[in-house]
Amino acid sequence: MKTLKIYPTIFLFFFLTLLIYYPAIEGDFIWDDDVYVSENEQLKNKDGLKSIWLKPGATAQYYPLGFTSFWLEYRLWGNQPAGYHVINLLLHTTSALLLWRLLILLAVPGAGLASLIFLIHPVNVESVAWITERKNVLSGLFYLASLSFYMRFLQIDDLQSFSKKGVPKKNNRLFYTLSLISFLLAMFSKTVTVTLPAVILLIIWWKKDSIKPKDVLRVTPFLLLGLILVRITLATEKIAGTQGVDWA
């Protein structure tokens with residue numbers, strides 16, 4: 001029965017996305033879409049996928065998962081921008097649905113309304129309607145997925161047991177592993193998602209009124225991965241020429 005209740009919400013979210021963002025599907029490549037997609041030699045080359053992952057500096061930024069999605073799509077619709085726009089719309093809608101479920105998990109009042117506002121708010125238009133900003137919608141999806149998996153690992157939906165013991169009833173390492181993998185995918189999409197460990201600790205503090213050493217220890221792998229990839233981002237940004245007076 002719960003599954004049946006979810007379907008209308010899923011339909012509503014996808015319908016609203018299509019209704020609002022339909023003009024974007026008809027949009028052309030703009031601004032630096034040429035560097036990222038239409039004139040990106042790594043997408044045209046069959047060996048480009050190897051360069052995307054193993055040669056920082058081969059692309060404008062070292063966000064290999066985002067460029068991998070472009071590489072795969074280039075084989076489907078080449079330089080036809082509509083396909084890339086549709087994928088951005090699907091990613092944004094899925095993120096809004098993930099946010100809805102996450103807010104329910106956290107027992108936040110008005111979870112549905114908050115998620116709808118996120119779905120239709122103009123602040124997201126640039127990320128959804130601009131092909132180059134695939135890195136935003138893709139990283140956002142994996143960020144929310146990682147956070148949701150981590151909350152499942154903590155059994156945070158069982159507030160009574162969580163507040164008493166601060167650990168899962170079941171030692172479910174699967175959710176922890178899925179969270180870590182999703183975080184890594186988010187970082188490979190855009191390294192601004194390095195904030196996730198801090199958000200996890202803030203939620204624990206919110207729900208338990210305290211943060212224990214074991215809570216910090218659990219998020220340490222996330223933090224270390226984040227710092228490593230951020231360092232790679234900083235290095236590749238300099239290679240791409242993002243330095244000088246304006247960038248300072």
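Reply: The protein chain exposes about 13400 Å², and carbon and sulfur atoms supply 67% of that area (Shrake-Rupley method with a 1.4 Å probe; for residues, only the protein chains shown count as cover). This is a predicted model, where local features need pLDDT of at least 70 and side-chain atom pairs count only at pLDDT 80 or more, while totals for chains, interfaces and linings use all residues. Residues are numbered from 1 along each chain as its sequence is written, and side-chain values use heavy atoms, with hydrogens and water left out.

Of the 248 residues in the chain, 46% count as buried (under 20% relative accessible area; exposed is over 50%, and partly exposed is in between, with a 1.4 Å probe and protein chains only). The secondary structure comes to 13 helices and 0 strands (DSSP runs numbered from the N terminus: H or I of at least four residues for helices, E of at least two for strands).

Let us take helix α5 as our part. Helix α5 covers residues 64-77, which makes 14 residues, and spans 20 Å from its first C-alpha to its last, close to the 20 Å expected at 1.5 Å a residue (the expected span is 1.5 Å times one less than the number of residues). How many of the 14 residues in α5 are buried? The count is 10, so this helix is mostly covered. Among the buried residues are Pro64, Leu65, Gly66, Phe67 and Trp71, along with Glu73 and Tyr74.

What do the buried residues of α5 pack against? Their partners are α2 (33-38), α3 (41-44), α4 (48-54), α6 (81-105), α9 (134-153) and α11 (173-189) (contact here means heavy atoms within 4.5 Å). After α5 comes Gly78, which has a positive phi, near 50°.

As background, side chains of opposite charge can pair when their charged atoms come close.

Now for the surroundings. The whole structure holds 16 aromatic pairs. One of them joins Phe13 and Trp100 in a tilted arrangement, 6.5 Å centre to centre with 40° between the planes. Phe13 sits in helix α1 and Trp100 in helix α6, so this pair links parts of the chain 87 residues apart. Phe13 counts as buried because its relative accessibility is 2%, and Trp100 counts as buried because its value is 11%.

The structure holds 5 salt bridges. One of them joins Glu41 and Lys44, whose closest N and O atoms are 3.7 Å apart. Because they are 3 residues apart in helix α3, about one helical turn separates Glu41 and Lys44. Glu41 is exposed, at 51%, whereas Lys44 is partly exposed, at 37%. Another salt bridge joins Asp215 and Arg218, with closest N and O atoms 3.9 Å apart, and both of these residues are buried. Salt bridges with shared partners join Lys208, Asp215 and Arg218 into one network.

Finally, a stop in the loop between α1 and α2, where Gly27 is found. Gly27 counts as partly exposed because its relative accessibility is 24%. Leaving aside residues up to four places away in sequence, Gly27 touches Pro81 and His85. Gly27 and Ala129 lie 102 residues apart in sequence and 8.1 Å apart in space, C-alpha to C-alpha.

Key. Phe/Tyr/Trp six-rings, centres within 6.5 Å; stacked < 30°, edge-to-face > 60°. Salt bridge = Lys/Arg side-chain N within 4 Å of Asp/Glu carboxyl O.
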